Amino acid sequence: MRRSKAATITALIGASVLALTACSAGTSPVTQDSPSASSDDTAAKPNADTLVMKAAFNQPENHPQYIVLDELGDKLFEATDGAYDIEVFPNETLGAQRETIELVQAGTIEMAYVGGSLLENFNPDFVVFNLPFVFDSQEHQSETTNDPEIVGDLYSSLEDEGIKVVSAFHGGVRSVYNAEKPIHTPADLEGMKIRVIESDTNIEMMSLMGGTGTPMGQGEVYTAIQSGVIEGGENNELIYSNLKHAEVAPYYSYTRHLMFPDYLIINPDVYNAMTPEHQEIFTELLAEARVEEAKLWKEQVVEGVKAAEAAGAKFNEVDTDAFNAAIAPLTEKKLTNDVTKKIYDQVRAAAK
């Protein structure tokens, strides 16, 4: 449910300072207080008994994941008779993704969208979904990363750390872009610093691809490329377009090296406080949201490519076999135990 956020943001910033210093102490109790709706909000409004769950997001309001979660808030409010609502804070308003995970753990906010590779920092077994060429398609990814038979134990493994994964959304197919030249082979990336999400796997992956992986928050990338701190980044066409990175890095090369999921996480105390009926409603609405997000994603990628080209972007294909061969050793190296090998085999079997 869209509403004025100024007062809420101010309060959260103050609370965040305390929360980030207290993360190691465990999850704090979750308050039932909620921000007031704006006076021009014509939809149903939260009341004194509504828990408005604050959700952090690092992309703009036109992003498919923002749209479906915002709509889910309205549906959840109606389906639970006003017990729950969701307020989404886009554009890293509440901090970079790693910081918002800590805020969820502390109970300062209830939910956050986070890139798949970040959860490796809490359980290395999450690497299985962050490896190159695990998924054959957007549909294959959604089915397997939301199948309790495949992911049940993995997702529940973080609950003692204040993180519950409630859904995995499609996060696009990632390729490399830079400010200097088209990339055709791994040799073309030599000497280039390329922004990656913070994880050892992503850093190593970029090294195998020929570049130097440089972790940083998404909000810093535009300025970092513009100032020459890094030469480029790696992401999907939609984010590339929405964040206007074509203005500073016009060469987008279709390496298609990665399709990892974005997770919606929630503080376990919040989820466990829901009645079984409300948990079931929440789960069903999330399934609907994933279908809608997938549809919006495909539509927006087409429009995003057009917008990026209008801003000067040049898209090119690469030597796919060369990149496949370069990255292949990473999969064998990272599947080091029975848990990850079993999940990987289940995912690949589902593709057949």
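Visitor: How many residues line the largest pocket?
Guide: This is a predicted model, in which local features need pLDDT of at least 70 and side-chain atom pairs pLDDT 80 or more, while totals for chains, interfaces and linings use all residues. A pocket is an open set of 1 Å grid points, over the protein atoms alone, where a 1.4 Å probe fits, with protein on both sides within 12 Å along at least five of seven lines; lining residues have an atom within 4 Å of a point. Nearest the centre of the largest pocket lie Asn-146, Pro-148, Tyr-155, Val-165 and Val-166. The lining residues number 17.

Visitor: Which element gives the largest share of that lining?
Guide: Residues are numbered from 1 along each chain, and side-chain values use heavy atoms, without hydrogens or water. Elements are DSSP runs numbered from the N terminus: helices (H or I, at least four residues) and strands (E, at least two). Those giving two or more residues to the lining are α5 (148-156), β4 (164-169) and α10 (276-310). The largest share, five residues, comes from α5.

Visitor: Which residue with a positive phi follows α10?
Guide: Helix α10 covers residues 276-310. The residue after the helix with phi near 110 degrees is Gly-312.

Visitor: Which strands stand at the edges of the open six-stranded sheet?
Guide: The order is β7-β6-β8-β5-β9-β11, with mixed pairing (at least two DSSP bridges between two strands). An edge strand has a single partner, so one side is left without a neighbour in the sheet. The strands placed this way are β7 (212-215) and β11 (314-317).

Visitor: What is the bridge partner of Asn-178 in β9?
Guide: Strands β5 (residues 174-178) and β9 (residues 251-258) run antiparallel, joined by four bridges. Asn-178 is bridged to Tyr-251.
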